[in-house]
Amino acid sequence: MRYIVIGAGAVGGTIGARLFQGGHEVLLVARGAHYEALRSGGLRLFTPGSAETLTIPATDTPVPPRDDDVLILATKSQDTITALDPWPRHVPVVCAQNGVENERTVLRRFGRVYGMCVWLPALHLEPGTVAAHGHPRSGMLHIGRYPQGVDELSQQIAADLAKSGFVALATPDVMRWKYGKLLGNLGNALEALSERAPGTESLHERVRAEGTAVLEEAGIPYSTPREERELRGRQVELMPIEGIERGGGSSWQSLARSSGSIEADYLNGEIVLLGREYGIPTPVNEVLQAEANRFAREQLPPGSMPLERLTALIDERSASGSR
Ligand SMILES: NC(=O)c1ccc[n+]([C@@H]2O[C@H](COP(=O)([O-])OP(=O)(O)OC[C@H]3O[C@@H](n4cnc5c(N)ncnc54)[C@H](OP(=O)(O)O)[C@@H]3O)[C@@H](O)[C@H]2O)c1
């Protein structure tokens with residue numbers, strides 16, 4: 001199997017690096033300064049207790065397809081279509097992303113689509129560099145055919161990942177896990193805007209409660225944090241890496257890199273969309289979605305929104321009824 005990792009950032013870089021270290025053929029797909037750094041100097045991978053440079057082949061354009069290719073898509077959700085468009089449509093695609101919209105978007109274009117639920121604390125702020133904070137395993141990855149089921153390929157990929165430093169399993173209900181993960185990711189925008197300011201816990205609870213209410217009303221099954229913790233056990237703990245500070249998760253990193261976009265439309269925006277479809281007000285998610293997008297557009301630094309201001313906006317929106 002040749003693993004072609006499209007979007008070799010925090011998640012894609014870690015998955016690609018671990019598979020490469022596990023003896024698999026890997027091709028990293030990147031762009032801009034990150035691609036130039038990978039091409040000229042390889043991927044610098046930092047983990048708790050190690051730092052190494054891996055000379056993994058990299059490209060910034062599609063390569064001639066092979067029968068044994070698998071595309072691992074690890075861009076942010078807002079980049080899914082642009083990143084996948086140039087690739088041949090008969091190749092299987094694994095969506096190693098948060099949110100629940102990517103699989104549907106990709107299935108419109110590609111015949112064989114797999115969802116992957118990604119628990120993998122990683123950081124990518126500098127071109128050519130990725131830090132994987134999970135220890136002793138780098139992450140927990142559930143994979144399954146979209147919309148459901150397990151086939152030979154998903155089992156093969158799970159087996160390769162399990163031998164390459166991950167807790168990995170093929171599961172017939174991958175989207176249930178991804179909806180459960182989505183509920184946790186509703187806090188990403190909050191962390192990006194106000195970091196861990198004292199008092200954020202109550203907003204975390206409110207944003208999650210809205211998400212849960214909407215999924216319940218829509219009859220969408222979702223995994224619970226308890227199920228996740230039981231599977232993960234102590235196999236993937238977020239550990240510090242000397243000399244590298246992980247300021248926050250993937251949305252925080254989008255603001256820290258002034259990337260100009262953020263994933264909020266596919267995280268909080270998913271709950272807002274479902275809320276509108278099912279007639280459930282979602283003022284907390286609406287405000288977080290709007291403010292995260294504004295911060296990304298205006299390239300404002302992460303953590304610079306005073307929590308009092310954010311809370312006031314949410315209370316105002318709650319009082320006026322969600323739009
Ligand atoms: N980071 C985490 O800890 C974490 C954990 C669990 C799940 N996730 C999820 O995993 C997914 C990926 O997140 P991430 O944090 O790994 O993002 P990331 O670090 O920003 O990596 C994504 C990479 O994709 C590249 N990219 C975007 N469009 C491209 C294109 N058309 N061609 C080539 N490369 C392209 C980006 O390049 P540019 O920098 O030029 O945009 C970036 O290098 C998201 O859905 C996220 O929510 C992240």
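User: Before we start, where do the domain bounds come from?
Analyst: Domain bounds come from an automatic or database domain assignment. Also keep in mind that this is a predicted model.

User: OK. Which domains is the protein chain divided into?
Analyst: There are two entries: domain 1 covers 2-175, and domain 2 covers 178-320.

User: How many Å separate their centres?
Analyst: The centres of domain 1 and domain 2, taken over C-alpha atoms, are 23 Å apart.

User: And how many residues are in contact between them?
Analyst: On the domain 1 side, 29 residues are in contact with 27 residues of domain 2.

User: Which elements supply the side of domain 1 that touches domain 2?
Analyst: At least two residues each come from the strands β3 (43-47), β8 (113-119), β11 (134-136) and β12 (139-145), and from the helix α6 (174-185).

User: What about that side by class?
Analyst: The side of domain 1 that touches domain 2 has 15 nonpolar residues, 11 polar ones and 3 charged ones.

User: Switching to the ligand. Where does it lie?
Analyst: The ligand lies between domain 1 and domain 2, because both give residues to the shell around it.

User: Which residues come nearest?
Analyst: Out of 29 residues around the ligand, the nearest are Gly7, Gly9, Gln97, Asn98 and Ser250.

User: Which helices supply the shell?
Analyst: α1 (10-21), α2 (32-41), α3 (80-84) and α10 (250-256) each give at least two residues to the shell around the ligand. The largest share is from α1, with 3 residues.

User: How does the shell divide by class?
Analyst: Around the ligand, 15 residues are polar, 10 are nonpolar and 4 are charged.

Methods:
Residues numbered from 1 in each chain as written. Predicted model: local features only at pLDDT ≥ 70, side-chain atom pairs only at ≥ 80, totals over all residues. Contact = placed C-beta atoms within 7 Å. Helix = DSSP H or I, 4+ residues; strand = E, 2+ residues; numbered from the N terminus. Nonpolar A, V, L, I, M, F, W, Y, C, P; charged D, E, K, R; others polar. Near = placed C-beta within 6 Å.
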